[in-house]
Amino acid sequence: MVHRVYNFCSGPAALPLEVLEEAREALLSLGDSGIGILEHSHRGPQYTAVHLEAEANLRRLLGADEESWAVLFLQGGASLQFAMVPMNLGPAGDYVLTGVWSQKALAEAKKLGTPRVAGSSEATGFDRIPDALDLSPDASYVHLTSNNTIYGTQWASLPQTHAPLVIDASSDLLAGPLDLSRCGLIYAGGQKNVGAVGVTLVLIRRELLARSPSTLPTMLRYAVHAEHGSRFNTPPTFSIYVVTLMTRWIERQGGLSAMAALAERKAARLYQAIDASPLYVGHARPEARSRMNVTFRLSDPRLEPELLAEAAGRGLVGLAGHRSVGGLRASIYNAMPLAGVEALAELLEEFARRKG
Ligand SMILES: *Cc1c(COP(=O)(O)O)cnc(C)c1O
């Protein structure tokens with residue numbers, strides 16, 4: 001048996017063991033082809049089946065029908081989407097600032113056009129989701145970050161917008177059902193909740209593809225990738241294979257509503273342990289708490305290294321908070337089992353009893 005720990009890292013993040021085992025086998029031979037997944041032509045029949053299944057599984061899980069939505073597999077991470085969105089959709093996006101990632105998205109948009117800030121929770125240290133948005137009637141699109149990986153806040157529901165709603169869902173795509181009726185474009189780096197480092201998922205309404213200016217460099221146009229089924233050039237085949245395995249795994253767990261129920265249970269268990277002791281101070285306001293990234297600090301920060309060391313001793317790793325917030329952060333994406341969360345919650349309770 002390989003030694004495995006509970007990995008609470010924010011991304012690249014933990015994958016289910018059965019997915020890793022299947023990927024390990026496919027490295028040597030995909031099915032009985034005698035050729036490993038990394039060695040297959042991206043246009044050959046074996047890889048084509050993987051590619052089409054990844055897309056079909058995502059469509060089925062999210063309810064993204066073929067006629068309305070293009071599902072793209074791109075590279076460059078969510079960070080490249082910060083630029084591709086304004087390049088393709090237009091210069092005047094409305095941005096809701098809820099943390100570092102939305103600030104970075106805005107900074108890219110500023111290089112390319114004239115975005116506006118339509119809401120922000122910066123004044124309170126990004127501890128909440130702004131409750132009122134000041135949307136402009138002629139915005140090219142509205143951009144928000146559905147789950148704030150660093151601060152540990154998450155939108156409880158998506159706002160109704162007149163302009164197409166663009167969502168950076170890097171850390172909560174596939175964690176639960178998504179209200180696609182409100183969305184125009186959704187993007188996510190694969191390495192967090194989806195689980196596949198090296199691919200960026202983009203779902204875009206087909207009617208928005210016509211906005212991609214033909215003067216843009218080819219590789220930066222959504223329309224080109226949609227027209228070529230994400231095989232204009234060589235796609236990240238191995239990462240897309242992992243998406244296929246992860247989406248199969250999610251379906252075996254019961255689909256997105258089962259993922260949402262599990263996420264709710266895991267998050268509630270950790271927040272319960274945090275709320276039970278004055279030793280722990282949660283970063284997010286209760287109504288904005290993330291079900292993906294649980295952020296907190298210790299009322300006596302000098303105890304944090306001790307707690308992290310004890311956690312590591314029990315095989316609970318990746319719990320240090322992001323450098324911009326400090327404290328601790330437990331990332332509990334789809335692949336984190338309830339048992340890992342339970343072990344962490346028990347440690348928090350026991351540590352609080354000893355220090356309290
Ligand atoms: C991690 C993260 C990003 C950056 O993703 P890359 O794929 O590394 O570019 C952007 N947005 C959110 C919400 C993230 O969690």
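This is a predicted model: local features need pLDDT of at least 70, side-chain atom pairs count only at pLDDT 80 or more; totals for chains, interfaces and linings use all residues.
Just after helix 7, Gly254 takes a positive phi of about 115°.

Among the buried residues of helix 7 are Thr237, Tyr241, Thr244, Met246 and Trp249. The buried residues of this helix pack against helix 1 (17-28), helix 2 (45-62), strand 2 (69-74), strand 10 (200-205) and helix 8 (255-275).

**Around the ligand**

Now to the ligand, which is surrounded by 13 residues. The closest are Ser79, Thr149, Asp168, Gln191 and Lys192. By class, this shell has three nonpolar, eight polar and two charged residues. Which element gives the largest share of the shell? Helix 3 (residues 77-89) does, with four residues.

| Residue | Protein atom | Ligand atom | Distance |
|---|---|---|---|
| Asp168 | polar side-chain atom | nitrogen | 2.6 Å |
| Lys192 | polar side-chain atom | oxygen | 2.7 Å |
| Ala78 | polar backbone atom | oxygen | 3.0 Å |

Taken alone, the ligand exposes 390 Å², and the protein buries 88% of that.

Asp168 also turns up in the surroundings of another residue, Thr145. Thr145 sits in strand 5 (residues 141-145). With a relative accessible area of 1%, Thr145 falls under the 20% limit and is therefore buried. Leaving aside neighbours within four places in sequence, Thr145 is in contact with Thr98, Trp101, Ser102, Trp155 and Asp168.

**Backbone features in the loops**

A few loop residues are worth a look if you check backbone geometry. A cis peptide bond joins Gly11 and Pro12, with omega at about -10°. Pro12 belongs to the loop between strand 1 (6-7) and helix 1.

Phe126 has a positive phi of about 55° although it is not a glycine. This phenylalanine is found in the loop between strand 4 (116-120) and strand 5. Is Phe126 buried or exposed? At 4% relative accessibility, Phe126 counts as buried.

Ser230 is another residue other than glycine with a positive phi, here near 60°. Its place is in the loop between helix 6 (222-227) and helix 7. Ser230 has a relative accessible area of 4%, so it is buried.

**Ala345 in helix 10**

The last stop is Ala345, which is found in helix 10 (residues 338-355). Its relative accessible area is 0%, so Ala345 is buried. What does Ala345 touch, not counting residues up to four places away in sequence? The answer is Arg269, Leu270 and Ala273. Ala345 and Glu21 are 324 residues apart in sequence, and their C-alpha atoms are 28 Å apart in space.

Terms used. Residues are numbered from 1 along each chain as its sequence is written. Side-chain values use heavy atoms; hydrogens and water are left out. A residue is near a molecule or strand if one of its heavy atoms lies within 4 Å of it. A polar contact is a pair of N or O atoms within 3.5 Å; within protein, one must be able to donate a hydrogen and the other to accept it, and residues adjacent in sequence count only if both atoms are side-chain atoms. Accessible areas come from the Shrake-Rupley method with a 1.4 Å probe; for residues, only the protein chains shown count as cover. Helices (H or I, at least four residues) and strands (E, at least two) are DSSP runs, numbered from the N terminus. Ala, Val, Leu, Ile, Met, Phe, Trp, Tyr, Cys and Pro count as nonpolar, Asp, Glu, Lys and Arg as charged, and the others, Gly among them, as polar. Buried means under 20% relative accessible area, exposed over 50%, partly exposed in between (1.4 Å probe, protein chains only). Contact means heavy atoms within 4.5 Å.
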